[in-house]
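Subject: Two-chain model, handover and notes

Hello,

Here is the structure you were going to look at. My notes follow below it.

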Amino acid sequence: MSTRKLRPVSYASVAGATEVARGTVVRNLARLTVLLLCLGGCATHSQKAASVREAFYAGDTGTARAALAELTSQRSHDRDVLLLDKAVVDLFLGQPRTAQRLLRDVRDRFDYFEQLDLREQILSIVTDDRSVAYPGEDYEKVLIRVMLAFADLVDDGDDVLAYALQAIQKQQELTETPLPGMSENLRKSYKQVAVAAYLYAVLREATYTDYDDAERWYTRVAAWAPQFSRVRLDLERARKGVFARPGNGVVYVFVFADRGPYKVESVEAPTTVSLAIASALITALGDYSVPPTIAPVKVPKVVAPPRRLDRVDVAVPGRATGHCETLTDINRMAVEQFEAIRPWVVARAVARRIVKKAAVVGVKDALGARDPVAQLALDLAGVAWEAAERADTRCWSLLPGRIDATRLELPAGEHPITLQAVGVDGRLGPPIRQSVQVAPGKATFVLGYFPSLRPVGRVLVSEPY
Amino acid sequence: MRKAFGHVAAAAVLAACVAACRSTPTAHVLSPGAADLVGTQRAGAETYRPLVEQAVMKLLSRQRPSVQTAAAGRGRPLRVCFVGIENRSAEEMGDFKDQVYEMIDTMLENNAAFQPVSRRYLQAALRETGLRPDQLFIPANMRQVATVLEQQGQPVDCLLFAKLTSGTTAAGKDVQRDYMLTLEVINVQTGDYDKESALLRKHYHR
């Protein structure tokens with residue numbers, strides 16, 4: 001059995017070694033601080049997406065598409081939401097199949113990312129929420145499936161019923177599942193996406209044999225979207241009437257109206273003040289100072305752009321007129337959903353901040369850094385670390401503000417149809433003319449995106465379904 | 001001691017990270033004899049399949065002469081047009097509705113006594129006549145659709161209607177739901193009918 005000889009060590013050499021170690025730690029901290037500040041200085045998603053939104057809404061789909069192609073060619077934390085934007089651009093450029101492929105890929109990844117990954121969660125405490133793979137906001141998860149249904153409708157319509165059903169099921173699943181780590185279900189108060197139920201009801205009604213399904217889902221639409229008054233006619237027809245009179249077909253016009261929600265970085269002021277007071281109190285009472293809360297607590301905020309469009313009028317000269325009514329108010333839904341889960345978002349930001357402060361105090365304790373200079377250096381590093389945080393502003397930027405719809409029953413044959421936007425100030429947009437084919441007993445779908453008085457890209461028309 | 005503690009802590013964090021990674025979704029094909037999953041929120045395969053099997057088997061085993069009259073003298077199977085399933089239960093059937101339809105239709109097809117007519121002909125007839133399935137109970141309407149089907153080269157002897165209903169009993173948080181599938185065959189010429197149903201009771205523990 002070997003024995004180790006212990007050599008006597010002088011106090012001076014220990015103190016010297018500790019000083020060297022301290023110097024190394026402080027240098028490493030300085031490097032880490034610079035690195036974190038650089039990371040924090042990277043453009044947030046909202047900054048990146050702003051130019052794409054502006055180009056798209058101005059009708060410059062070419063520029064929007066080129067910008068998105070470049071942005072999505074690199075690996076980045078917001079690539080999936082940029083792909084969703086690309087899908088919208090592709091769809092309204094008349095490429096529904098490409099749009100569907102992108103939407104399907106992101107839908108599957110969002111489902112996968114709903115599982116928590118501990119490594120990402122730990123990294124998000126060291127950095128911020130942008131280091132967690134984005135699983136999509138709840139309204140986005142439902143609307144991906146709705147968008148898939150529309151993209152499929154204007155393509156071959158083979159999978160539209162499945163996508164509409166998926167949207168309904170996803171919605172049900174979300175409202176029944178509490179957020180991770182929460183016992184209370186904050187999602188219970190969510191407003192439901194009526195457009196998925198409406199689309200499903202229409203498709204069932206068009207079979208001429210499933211009026212009971214249509215009635216069931218129109219009833220829900222009436223409850224979820226009371227402002228969509230025409231659903232009462234749909235409900236009446238599903239109960240007693242027929243989808244279309246003999247020799248007639250139906251044209252459904254769906255309009256993506258107004259500009260949709262997006263996220264910006266906001267300062268959680270009350271929390272920041274509370275944390276600042278708590279830091280000061282702990283500093284006054286404890287052995288070590290706590291890094292002061294100079295950097296504000298940043299959280300995302302959902303912004304709903306102001307309403308510009310009142311409605312879109314639809315006319316078939318000499319045959320029928322109507323106007324689109326709001327079926328789903330995406331802006332309102334996004335804001336309300338985010339407000340519902342806001343306590344969870346803020347709690348994450350606060351937890352992160354507390355862990356960072358505790359980590360700095362822990363380092364001080366480990367190093368025995370009691371002298372004011374060392375404490376100040378570590379506090380500065382801590383403040384810089386906290387300042388490097390950015391809010392997670394990833395979101396699907398090119399969603400419309402709302403989805404409006406109307407229904408026209410027309411005799412079979414080819415008809416010219418005119419869509420004209422009406423602004424909230426009463427101004428009229430240019431009339432957009434399109435030809436639609438109406439088949440007896442069948443439904444033809446028209447889809448347009450009107451972020452303002454003029455549509456973006458093409459107005460899409462399906463084959464009779 | 002501190003070093004050892006550090007190593008243990010690092011190992012624990014590493015193990016937790018590995019354990020808490022996202023798992024790749026997997027699936028497997030159920031062997032024919034394997035039990036179905038039991039839906040915890042609503043009815044699923046475990047409910048619909050036995051309901052369909054029971055109801056159709058009962059109907060086929062009875063084969064009342066009154067319904068068979070139309071085909072009896074012709075020495076051929078009964079030409080039946082399955083109109084559809086009316087869901088009057090407390091739950092939506094979702095994607096099961098079309099599958100239940102196909103299950104019933106296939107079971108009829110596989111029975112020598114029946115010869116189903118494709119639903120597509122019926123849908124075309126309904127479009128042409130402007131009638132709803134529930135209006136087919138009126139003899140004149142039924143004959144009108146039968147005439148259109150005959151013009152399409154698809155004469156029918158009877159129409160088959162299916163209806164799903166449910167009854168719910170709540171006891172605290174627990175719920176018992178009784179599902180009933182009713183099949184009704186109506187002779188288009190005489191209006192005679194035959195009816196069979198199957199019941200399945202399910203207890204939801206909530």
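Predicted model: local features only at pLDDT ≥ 70, side-chain atom pairs only at ≥ 80, totals over all residues.

Y208(A) sits in the loop that runs between α9 (194–205) and α10 (211–224) of chain A. Its phi is positive, at about 70°, although Y208(A) is not a glycine.

D258(A) can be read alongside it. Here too phi is positive in a residue other than glycine, with a value near 65°. D258(A) belongs to strand β1 (residues 248–259) of chain A. With 27 C-beta neighbours inside 10 Å, D258(A) counts as buried.

Chain A overall

Chain A contains 14 helices and 11 strands. Its C-alpha trace spans about 105 × 50 × 40 Å along the principal axes. Of its 465 residues, 44% count as buried. If one takes the contacts in chain A between residues at least 6 apart in sequence, 74% of them join residues at least 24 apart.

A421(A) is buried, with 27 other C-beta atoms within 10 Å. Leaving out residues up to four places away in sequence, A421(A) touches L309(A), V312(A), G429(A), F450(A) and L453(A). Between A421(A) and V255(A) there are 9.9 Å in space, C-alpha to C-alpha, and a separation of 166 residues in sequence.

Two helix pairs in chain A

The pair α2 (residues 45–57) and α3 (residues 61–72) of chain A packs at an angle of about 155°, and the axes are 7 Å apart. An angle over 145 degrees counts as roughly antiparallel, and α2(A) and α3(A) are therefore roughly antiparallel to each other. The crossing of α2(A) past α3(A) is left-handed. On the α2(A) side the contact is made by K48(A), S51(A), V52(A), A55(A) and F56(A), which meet T61(A), T63(A), A64(A), A67(A), L68(A) and L71(A) in α3(A). By type, the residues of this contact are 7 nonpolar, 3 polar and 1 charged.

The other pair is α13 (residues 330–367) and α14 (residues 372–387) of chain A, whose axes come within 10 Å and cross at roughly 155°. That makes α13(A) roughly antiparallel to α14(A). In this case α13(A) passes α14(A) in a right-handed crossing. From α13(A), the residues R353(A), K356(A), K357(A), V360(A), V363(A) and K364(A) meet Q375(A), L378(A), D379(A), G382(A), W385(A) and E386(A) in α14(A). The contact of α13(A) with α14(A) divides into 4 nonpolar, 2 polar and 6 charged residues.

Chain B

Chain B has 6 helices and 5 strands. Along the sequence they follow the pattern α-α-α-β-α-β-α-α-β-β-β. Buried residues account for 27% of the 206 residues in chain B. Among its contacts between residues at least 6 apart in sequence, 66% join residues at least 24 apart.

Where the chains meet

How many residues does the contact take from chain B and from chain A? The contact takes 24 residues from chain B and 20 residues from chain A. On the side of chain B that touches chain A, α1 (2–19), β1 (78–88) and α5 (119–129) of chain B each supply at least two residues. That side of chain B consists of 8 nonpolar, 7 polar and 9 charged residues.

In soluble globular proteins, nonpolar side chains tend to be buried together. In this model, the largest nonpolar core has 147 residues, and those with the most contacts inside it are A196(A), V221(A), V80(B) and L159(B). Helix α7 (residues 138–153) of chain A gives the most to this core, namely 11 residues. A second, separate core has 9 residues, among them V290(A), V361(A), A369(A) and A384(A).

As for L159(B), its contacts beyond the neighbours within four places in sequence are C81(B), V83(B), L136(B), M142(B), I186(B) and V188(B).

Regards

Key
Residues numbered from 1 in each chain as written. Chains lettered and ligands numbered in written order. Core = buried A, V, L, I, M, F, W, Y, C linked by C-beta atoms within 7 Å. Buried ≥ 20, exposed ≤ 12 C-beta atoms within 10 Å, placed from the backbone. Helix = DSSP H or I, 4+ residues; strand = E, 2+ residues; numbered from the N terminus. Contact = placed C-beta atoms within 7 Å. Nonpolar A, V, L, I, M, F, W, Y, C, P; charged D, E, K, R; others polar. Axes fitted to C-alpha atoms, helices over the stretch in contact; angles between N-to-C directions. Parallel < 35°, antiparallel > 145°, perpendicular 65-115°, else oblique. Left-handed = near helix turned anticlockwise from the far one by under 90°.
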